[in-house]
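Hi,

Here is the structure I promised to pass on. Have a look at it first, and my notes follow below.

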Amino acid sequence: MADSESKLEEDAILLRPIQRTGKPFYLSLSILLAVILWAVFVYLHQYRQGLGVTGLARPIFWGVYITNFVFFIGISHAGTLISAILRLAKAEWRRSITRSAEVITVLVLFFGVGNILMDLGRPDRMFNIILYSQFRSPLLWDVSSITVYLASSSIYLFLPLIPDIAILRDHAGKWQWFYRILALGWQGTERQHHLLEKAIAFMAILVIPVAVSVHTVVSFVFAMTIQPMWHSAIFGPYFVAGAIFSGIAALIVAMNVIRKVYHLEDYLRPVHFNNLGILLLVMTLLWFYFTFAEYITVWYGGEPLHMTILWSKFTGGFAPYFWGMFVFCFVIPLPILSLKRTRTPLGTLVASLSVIIGMWLERFVIVVPTLTNPRLPNETVIYTPTWIEWSILAGCIAFFIVLYMIFTKVFPIVSIWEVREGREKSMAEVQERIKTYLPGMGEE
Amino acid sequence: MVIDLDKCSACQACVVACQAENNIPIIGPKQSAKGRTIHWMELIPYIEGEYPHIKARLLPRPCMMCDNPPCTKVCPVYATYINEEGLVAQINHRCIGCRYCTTACPYTVKYFNWDKPEWPKEMKGSLNRDVSTRTKGVVEKCTFCHHRLLRAREKAKIEGRDLLPEDYIPACVQACPSGAMYFGDLNDSFSAVSTLSRERRAFRLLEELGTEPKVIYLSEGT
């Protein structure tokens, strides 16, 4: 015990947010709670009045809520996928960032699902989805896939938490009973460690196909219809790439905030932001590639129906959204992320905020213009979201931040045992590993 | 259903008859300006070419009652489906209002109740009792006046005879003053609609999509 006591000293700063809560926390909490309460009030208004309070009309049946749904589900790819890939690739720098990524995944999923429910005309009948489910509908594929994803990413978040919960059980004064239950009797024995590592490795592998499937079927909601510029085979991979893109951006933003607020400069170092910045750069280029491929084929094909929608994005009513998306997703982040000098915590923060805004616009530019230009002649309807829809978006973001804040107050946001393991074991392990790569060294 | 555009005078009697028959809510000018009007039967301008060489056509557009409907596939709760008569039906009291079918329909024939449906006080007494009114937040669409089929069937049963083709026609067809609309069984190759559907003038809307609509238009020199 004395041994672990002294070891904890080193990482004591990681427990501080749980032990002490300052005024700034409560201040920001109350501001965010005010936003949430406002959004709840607004939603109740919508529930009573019907969806007439939104800017939607025929033929633009889907708008901000569906955009939010795709956007939030996209953000959720931050965590689990990135953390799983880094774990499997044995990227040592992952140790202090995986947890903050995994938490994003689990929490933000609720808002993806929530937006779909808020978009329903009859939310009171939502259980019809279970009572009368028709599996030919891509929406049902979404329901199934997201449920599996939520379950597996929750488990994947929880497993590496166990040793840290045990630390809290042994050291934190308050809520001991709570941590005792969640620690599941963790003692840190060899056997337990072995089992845990195995379970984590298993979940890391499992979670990758699930994550890919989630955003693929989200895209299928659009791609399975025969509507122009939705009915596209590229949509699955395009959405998955976009999801990882916005997910990494969200992670960088979260890490920046955690780093500043909890003074974790020593744990979340410039090298982490540099590495994630490179990943984000790769995704920026990949995003451009997909967008280019999607639009050039439509343009070259030149079908009148498709061209109407294309021009409405390029030069028509949706041009501000489309070019805004292009600037935020590509023009701003590309130079920042390309230069090592600007791949700093601050630089990547600016690029990430830009990407997050850009990706929201991207989802909007996918959903709305197609619906605005149906095949048969129609009254021209311009969709402008109302304050109701903006309030609910603000409420979702505020609610997500609050949940994230609370998480950091209950559990360590940087994995203590994994950082410690890195310090104690991995140095030697990595050295051994490198030896196996090199000719003339180590065993055959 | 067959609609002869060469006979159609675009008087919109079919539109009005449909509104009255199917208890379609009156939403007022403000909501209407937002594009929320509900028309199970709508007269759409179909304009081809560029000014001054324009070819304009006015098409009465009910539900196409596709044999291969894109809307029924996507409904997560079986609230829209093809019934045994081959009509694309909508179960209003099961619909959750996700509006997937409305976005999937290439003919945009499906409508959503953005607000609580309302009628002027004077009209409430004259609602059609055979057609249930809808609530806010559900999708509705043309049913080919399915309630009339149910009623005709009942009547034939009481009178102890088989259902005759002339027993059941939708309100729009009944109201058409120029006799431009025909209704009947397409499967019966001797019926008027079947004969007309094989005419040289016959075409279907957006045929190339493979939806196989059961509404056939007739027009000279398309």
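The largest nonpolar core holds 172 residues, and I104(A), I248(A), L251(A) and M181(B) touch the most other members. Such a core is a set of buried Ala, Val, Leu, Ile, Met, Phe, Trp, Tyr and Cys residues joined through C-beta atoms within 7 Å; buried means that 20 or more other C-beta atoms lie within 10 Å of the residue's own, with C-beta atoms placed from the backbone. Helix α12 of chain A (residues 235-261) gives the most to this core, 16 residues. Helices are DSSP runs of H or I with at least four residues, strands are runs of E with at least two, and both are numbered from the N terminus.

This is a predicted model: local features need pLDDT of at least 70, side-chain atom pairs count only at pLDDT 80 or more, and totals for chains, interfaces and linings use all residues. Residues are numbered from 1 along each chain as its sequence is written, while chains are lettered from A and ligands numbered from 1 in the order in which they are written.

Beyond four places in sequence, I104(A) is in contact (C-beta atoms, placed from the backbone, within 7 Å) with residues including I75(A), L251(A) and A254(A).

Between the chains, the contact takes 35 residues from chain A and 37 from chain B. On the chain A side, α8(A) provides the largest share, three residues.

In chain B, seven bridges join the antiparallel strands β2 (residues 42-48) and β3 (residues 55-61); pairing requires at least two DSSP bridges. I47(B) stands opposite A56(B) in β3(B).

Enjoy exploring!

Notes
Contact = placed C-beta atoms within 7 Å. Buried ≥ 20, exposed ≤ 12 C-beta atoms within 10 Å, placed from the backbone.
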